[in-house]
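Please keep the sequence and the coordinates at hand.

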Amino acid sequence: MVCAGLAPAHSQAEPSPAQPSFSRQRELIRIVRQDCGSCHGMRLTGGLGSPLTPIALRDRPLASLVATIIHGRPGTPMPGWQAMLSEDDATWIAQQLQSGFPEEQRP
């Protein structure tokens with residue numbers, strides 16, 4: 001936990017979320033490619049769910065994408081993933097989706 005009193009006085013920016021470890025990033029890539037890909041297309045270009053490409057997401061606020069990942073979209077097939085993902089995980093996924101999601105690394 002970071003104590004607000006320890007932050008530099010000139011810093012007004014919100015702290016950035018913690019980056020998942022490299023092994024967790026690999027797990028998240030697999031989750032997105034396999035689980036999300038089952039609805040959003042294995043290439044994330046759309047299917048039952050909308051495309052998750054940088055072009056499709058370019059005008060979406062990061063906070064909105066994170067909320068959708070965590071809480072889902074009521075009234076649609078999009079489930080919330082809060083049972084499997086932390087907010088930091090969801091933030092990392094959303095950032096990666098907006099910049100071009102990495103491919104799954106095969107051993």
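A residue is called buried when its relative accessible area is under 20%, exposed when it is over 50%, and partly exposed in between. The model is predicted. With a relative accessibility of 6%, R33 is therefore buried.

R33 pairs with E103 in a salt bridge whose closest N and O atoms are 3.4 Å apart. Since R33 belongs to helix α1 and E103 to the segment after α4, this pair ties together parts that are 70 residues apart in sequence. E103 is partly exposed, at 38% relative accessibility.

A salt bridge also joins the side chains of R30 and E104, at 2.6 Å from N to O. Here too distant parts of the chain are linked: R30 sits in helix α1 and E104 in the segment after α4, 74 residues apart. R30 is partly exposed at 43%, whereas E104 is buried at 18% because that value falls under 20%.

Within helix α1 (residues 22–40), R24 and E27 are three residues apart, about one turn of the helix. They form a salt bridge with 2.7 Å between the closest N and O atoms. E27 is partly exposed, with a relative accessibility of 41%.

R24 and E27 also belong to a salt-bridge network that includes D89. D89 is located in helix α4 (residues 87–99) and is buried, its relative accessible area being 7%. Apart from neighbours within four places in sequence, D89 contacts P20, R24, L28 and M84.

In total, the model has five salt bridges, among them R24 with E27, R30 with E104 and R33 with E103.

Technical notes: Residues numbered from 1 in each chain as written. Predicted model: local features only at pLDDT ≥ 70, side-chain atom pairs only at ≥ 80, totals over all residues. Heavy atoms only, no water. Helix = DSSP H or I, 4+ residues; strand = E, 2+ residues; numbered from the N terminus. Buried < 20%, exposed > 50% of the residue type's maximum accessible area, 1.4 Å probe, protein only. Contact = heavy atoms within 4.5 Å. Salt bridge = Lys/Arg side-chain N within 4 Å of Asp/Glu carboxyl O.
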